[in-house]
Amino acid sequence: MMKKSLALVLASLTTAGLLAASGAALAQDAAAGAKKVDMCLGCHNIPGYHASFPEIYHVPKIAGQNAKYIVAALGEYKKGDRKHPSMRAIAATLSDLDMADVAAYYEQLGKGEPAPAAPPAPPAGVAKLLAQANCASCHGANFSKPIDPSYPKLAGQYADYLDAALKAYQTDGNPHIGRNNAIMMGMARPFTHPEIKAIAAYVSSLPGEIKTVQLPEFR
């Protein structure tokens with residue numbers, strides 16, 4: 001009986017130890033993510049790097065971006081709700097834990113001062129477009145403090161990337177291009193391409209928290 005009790009105690013201690021170790025590993029997810037970003041570094045950690053599909057534009061800044069948003073975006077690429085062959089292929093290789101680790105890594109990378117609460121006012125024409133789309137209701141009045149971290153920070157993002165992303169929400173029936181998100185599709189579709197370009201230019205001009213961080217191996 002004593003041997004059985006001792007075995008149960010040892011088993012409990014071992015289980016507790018494993019759970020504690022697992023919890024510690026998850027708590028260090030940003031460090032774990034640093035070991036899982038090899039497929040990301042060649043595009044997202046080179047300042048000024050451009051994508052060429054479906055048009056030429058800057059690869060988006062993701063250092064300092066909300067981790068929850070990065071996870072959501074990767075999940076959409078994996079499911080095909082965001083149609084981009086390269087990103088879908090990369091996301092397909094990632095588990096849910098991998099996505100969380102990668103997202104945590106980029107959220108803390110190059111973290112600096114918060115964006116100002118009151119950004120420069122937009123031109124009157126752009127202000128009208130932003131009000132029509134009600135952008136601030138999700139992305140925040142300064143476009144860097146969204147109402148939920150599953151929404152992206154936009155202030156300071158590359159204008160040509162924002163332009164391409166918004167046009168993707170207007171695209172239907174293309175197996176390789178487009179984004180399927182009811183809220184963003186409803187927001188983007190009423191606008192002309194020149195209007196989208198004007199919105200993107202203003203949001204890109206704002207001081208923000210996201211950036212492209214060049215790593216020592218790329219210098």
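Contact here means heavy atoms within 4.5 Å, and helices (H or I, at least four residues) and strands (E, at least two) are DSSP runs numbered from the N terminus. This is a predicted model, where local features need pLDDT of at least 70, side-chain atom pairs count only at pLDDT 80 or more, and totals for chains, interfaces and linings use all residues. Residues are numbered from 1 along each chain as its sequence is written, and side-chain values use heavy atoms, with hydrogens and water left out.

**Helix H4**
- Buried residues (under 20% relative accessible area, 1.4 Å probe, protein chains only) of H4 include Tyr-69, Ala-73 and Tyr-77.
- Among what covers the buried residues of H4 are strand E3 (82–83), helix H5 (85–92) and helix H9 (159–168).
- Just after H4, Gly-80 has a positive phi of about 95 degrees.

**H4 against H6**
- The axes (lines fitted to C-alpha atoms over the stretch in contact, with angles from 0 to 180 degrees between N-to-C directions) of H4 (residues 67–79) and H6 (residues 96–108) come within 8 Å and cross at roughly 135 degrees.
- The contact involves residues including Ile-70, Val-71 and Leu-74 of H4, plus Met-99, Ala-103 and Tyr-106 of H6.

**Asp-101**
- Asp-101 belongs to helix H6 and is buried, at a relative accessible area of 4%.
- Leaving aside residues up to four places away in sequence, Asp-101 touches Asp-29, Ala-30, Ala-32, Gly-33 and Lys-36.

Methods. Buried < 20%, exposed > 50% of the residue type's maximum accessible area, 1.4 Å probe, protein only.
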